[in-house]
Amino acid sequence: MRIGIDFGTSYSAAGALVDDRVQLVRFGDALQFRTTAFFPHAIPDPNDFALTPALEAQVARLLASAKAAQTRALHRANLLRAQAQQAPVARRAEALALVATPSLRSDEQLRREAVVSVRRHWLEQQMQQARASAASLQHAVYGDDAIDAYLAEGGGHLVDSPKSMLGYRLHGAARHTILGIATHILEHIRLTAGQQLGTVVRGAVIGRPVEFRSSMGEAGGVQALEILREAASAAGFDAVEFLEEPAAAALDFHRSQAGPQRALIVDVGGGTTDVAFAQLGGRAARPRIRGAWGIAEGGVDVDLALSLRRFMPLFGKDLSAVPVHRYSEAASVHDLQRQRDFRRCRFDDAPAPFASRLAALQAAGNTVRLNRSVELAKIGLSEHASWQAGLDYIEPGLAASATREHLEIAAARFLGGLERLLARVGTQLDAAPTTLFVTGGMSRAPYVRAAVQAAFPDARLVAGDPSLGVVSGLAVAAGGRPRTSARQSSRSREPGAAQFPGTR
Ligand SMILES: Nc1ncnc2c1ncn2[C@@H]1O[C@H](COP(=O)(O)OP(=O)(O)OP(=O)(O)O)[C@@H](O)[C@H]1O
Ligand SMILES: [Mg+2]
C-alpha cells in the first residue's frame, strides 16, 4: 500500500486512496499533527557541551590536583638536584644529568587540559545514556503534546519544524540528528497509517516545496531531498516519490471541478509559498501542470517579525545592551544551532527585569512556548483588531500585546515577497487564470487572500481546505501506479513538465 504524506513545516498529515476515495489518517483526534517531536532522551551532540556549574566544579577539582601534582614533581626534582650537588665532584655532573626536569605548564594550559578531560568524560556518559535509551527513541511524543512532555520531563530533545532545517548547512552531528528526527516522524506516520488502513504500508508519495528553505541555494534543496529519501528508507518505506506540493493541491482541486479551467494554485504554508498554474477540471483524467514557482517564505517568517517587534522588547531588545542578534536566535525556534547559541549565553549583566526574563526564556521549552504565543497572536489578529498574550511562564502577570497595525508592519516583508512572486508568475503565464485556488494555513489570513486577489483581480478566488488540500492530492497521487524507478523526484520546474506519479 502507498500513502501520500504531507511533511509540513508546521503540520504533517497522511492519506491513501481507498476505493477511489481519499481516506485521511487520524493522529489522535485530528487529521494532522504539529510537526514537533519530543525525544525523552537527548541525542548526544558534542557541540552541546557547555560548562555548567557542576562541570565547572569538576574542572576546578582536576585543575587543583594537576597543580598539586606539578608542585610535587617540582619539589621532588629540586630535592634530587640538591642531593646530586652533594655528590663527589667527579660524579656530580652525571648525577645532575640524571635528574629529570619536570615540564612546567602554565595555569592556562592546565585548565585547558582539565576542560578537555571533563568534556571527554561528559561525552562518554551521554553516549552511554543514549545507548541505554535507544528503545525509548521509538517512544517519542509528537504534536503539541511534545512541548508538554518536554516541560514535564525537564530534559530530552525538543525539535520544532525539522523540515525548515533540511536545506541548511548542517555541521557536526546536526545532519545525523535531523535525519534521525525525520526518520522517526516518517515511521510514526507509516505505522499509524498501517494500523488504520489495516495493511502494511511500504510506499509513499511525499510532498515537497518548489523551493526548500535553504542556506546553500540549490544545494540545500538537493540535500533536503537526500535526507528525506534516507529517512524514508530507514523508516521502512521501500519506495518513495516526491510531488511538488502545489501540484498535489491541483490534483485535489481537479477532482471537485466539473468544468475545465485555468487555475492558479497558491499554497501559503508555514515555511514556503508555492504556486502552480494548471489546466484542470472537466473530463481530463489528471490536471496538466503548466508551471510551478515558489519562495522559501511562509507563516514562520511573519511569526519571527512579530516576535522581534512586539515580544522581544519585553526581554530588553532595543532597551538594553544585549546584542539584537541574541533575540533573533531566541526567536528562531526551528534552528537548532541558533537556539543552542542563545541558551549558552549569560545575561547576568542585563538590567532588571530583563536579566531574569532572559534567564526564564533560556529554560527548557520556553523559546518554543513563546513562539507558540507569537503564532497564536498572529492567528488571533486574522480575526480580531488586537490581541493580548499572557506570558506567565516567563514572569507572573507578564503579557505582550499587538494590534492589527502591528501585524501589518510585521507581515509587510512577507507580503512584499508574495506580491513579487505573483507578479513574476503573471508575466510568465501564456493565458490569464480563470480561478485562483488558495490553500495552506496562511491562506486563512485575510491579508494573504487580499494580496492574491489583488494580483489577479479578474480571476475568481476559491478557498480550498487550508489544511488538507495538499495531503488529499498526495493521497490521490499515491493511489496511482508507482513510476518505473523508485525514489525519483517529480521536479517540475519547466512549464508543463510536472508528472504525477502513476501517469507514466
Ligand atoms: N487563521 C490563521 N491566520 C493566519 N495564519 C494562520 C491561520 N491558521 C494557520 N495559520 C498559519 O499557517 C501556517 C501553517 O500552514 P500549513 O499547515 O499550510 O503549513 P505547512 O504545510 O506545515 O508548511 P509548509 O507547507 O510551508 O511546509 C502557520 O504559520 C500558521 O500559523
Ligand atoms: Mg504545506
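Student: How many residues of the shell around ligand 1 are nonpolar, how many polar and how many charged?

Tutor: The shell around ligand 1 divides into four nonpolar, 11 polar and five charged residues. Please keep in mind that this is a predicted model. In total, 20 residues surround the ligand, and the closest are Thr 9, Ser 10, Glu 375, Ser 382 and Gly 441.

Student: Which helix gives the largest share of the shell around ligand 1?

Tutor: That share comes from α12, with three residues.

Student: Which side chains have an N or O atom close to a polar atom of the ligand, and at what distances?

Tutor: The side chain of Lys 378 has an N or O atom 2.7 Å from an oxygen atom of ligand 1. Ser 382 places a polar side-chain atom 2.7 Å from a nitrogen atom of the ligand. For Arg 444, an N or O atom of the side chain is 3.2 Å from a nitrogen atom of ligand 1. Taken alone, the ligand exposes 650 Å², and the protein buries 93% of that.

Student: What lines the second largest pocket?

Tutor: Its lining consists of 37 residues, and those nearest the centre are Ser 10, Tyr 11, Gly 440, Gly 441 and Met 442. By class, the lining has 10 nonpolar, 14 polar and 13 charged residues.

Student: Which elements supply at least two residues of that lining, and which gives the most?

Tutor: The strand β2 (11-18) and the helices α8 (299-311) and α12 (366-380) each supply at least two. The most comes from α12, which gives five residues to the lining. The helix α12 also provides the largest share of the shell around ligand 1.

Student: Which residue has a positive phi although it is not a glycine?

Tutor: Asp 20 has a phi of about 65 degrees. This residue is found in the loop that runs between β2 and β3 (21-24).

Note on methods: Residues are numbered from 1 along each chain as its sequence is written. Chains are lettered from A and ligands numbered from 1 in the order in which they are written. This is a predicted model: local features need pLDDT of at least 70, side-chain atom pairs count only at pLDDT 80 or more; totals for chains, interfaces and linings use all residues. Side-chain values use heavy atoms; hydrogens and water are left out. On a 1 Å grid over the protein atoms alone, a cavity is a set of points where a 1.4 Å probe fits but cannot get out, and a pocket is an open set with protein on both sides within 12 Å along at least five of seven lines; lining residues have an atom within 4 Å of a point. Helices (H or I, at least four residues) and strands (E, at least two) are DSSP runs, numbered from the N terminus. Ala, Val, Leu, Ile, Met, Phe, Trp, Tyr, Cys and Pro count as nonpolar, Asp, Glu, Lys and Arg as charged, and the others, Gly among them, as polar. A residue is near a molecule or strand if one of its heavy atoms lies within 4 Å of it. A polar contact is a pair of N or O atoms within 3.5 Å; within protein, one must be able to donate a hydrogen and the other to accept it, and residues adjacent in sequence count only if both atoms are side-chain atoms. Accessible areas come from the Shrake-Rupley method with a 1.4 Å probe; for residues, only the protein chains shown count as cover.
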